[in-house]
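I opened my notebook today to look up a few things in one structure. Here is what I looked at, entry by entry.

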Amino acid sequence: MQQTAWRGGLGLVILLSCALLQLNPAAAEILFKADFETGDFRQFSGKSKNIKPGHIEVDTDVVHSGKYAGRFTIHEDNVFNARQLRVQANGPKVTVKEGSDTFVSFYMYMNEAPKDRDNFFYWEGSPPPRYNNVMTWWVEPKKDGSGTLIKYGTGNLGRKGVHWEADFSVGQWHQLGMHIHWSEDPTQGNVKLWWDGALVLDKKVQTKGPQTVYFSQPGIHRDPHSASVDTIYFDDILCATTLEEIEIQKTDSAKPK
Ligand SMILES: [Ca+2]
């Protein structure tokens, strides 16, 4: 008797859930979340090859929230191929179409200034027809040695144009937020970026190629190889279908005066 009542209740819950989903077909959805609070990298679908212990680990000293963050340290033996070094985890992966939207936020931190250019996030299309890196975010030393820049560019590793750059400060957590409006047409595609809560870019650019699946690999990517050792921490990575879900944090400096 009790079991029948339980089944009846469960059936009602399922019916109500279906009804609610039909009422709200464009329901907001978190597509990917990595806060490292599992104490490992199980929230990701794998890591790059040729990684030694210590190169990609959770960290309990430098965290944005909770007990753990992810620590990625690149070394010259993290060989991906003849040109590239990688210490990365497989992060958000989205199926897109002309005119669809993707929202991502994550927090990043560097204790020391980068010694070489470190690509820390990108979107890359999966075959068919081929792999296609369409946009990249990176940090690099200023040429005059006076500090660090963060940059965003479209095309393979930013070669189609740098659309945003700013001074990057070490020793503090930064939030990067993005709204990608996917299009092969540079007059239709659009990228909005938020840095530490402030909108810093809102620009029409080509955001995709012919691919329908785009993936990202937070961590450190280098091209070409270089021997310097750099570390970047990540925490609270979110990929979602609406701006509200990625929780852009308003900082004092970002609030209107
Ligand atoms: Ca965390």
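I began with a definition: a residue is buried if 20 or more other C-beta atoms lie within 10 Å of its own, exposed if 12 or fewer, and partly exposed in between, with C-beta atoms placed from the backbone.

I noted that this is a predicted model, where local features need pLDDT of at least 70, side-chain atom pairs count only at pLDDT 80 or more, and totals for chains, interfaces and linings use all residues. Residues are numbered from 1 along each chain as its sequence is written.

**Gly66.** Is Gly66 buried or exposed, or in between? I found it partly exposed, because it has 13 C-beta neighbours inside 10 Å. Gly66 sits in the loop between strand E2 (56–59) and strand E3 (69–74); strands are DSSP runs of E, at least two residues, numbered from the N terminus. Setting aside residues up to four places away in sequence, I saw Gly66 touch Asp35 and Glu37 (contact: C-beta atoms, placed from the backbone, within 7 Å). I also looked up Asp235, which is 169 residues from Gly66 in sequence, with 9.4 Å between their C-alpha atoms.

**The core.** Next I turned to the largest nonpolar core, which has 54 residues. Such a core is a set of buried Ala, Val, Leu, Ile, Met, Phe, Trp, Tyr and Cys residues joined through C-beta atoms within 7 Å. Phe106 and Trp137 are among the residues that touch the most other members. Strand E16 (residues 230–240) gives the most to this core, seven residues.

**Whole chain.** Finally, I wrote down that 37% of the 257 residues count as buried.

Note on methods
Helix = DSSP H or I, 4+ residues; strand = E, 2+ residues; numbered from the N terminus. Contact = placed C-beta atoms within 7 Å.
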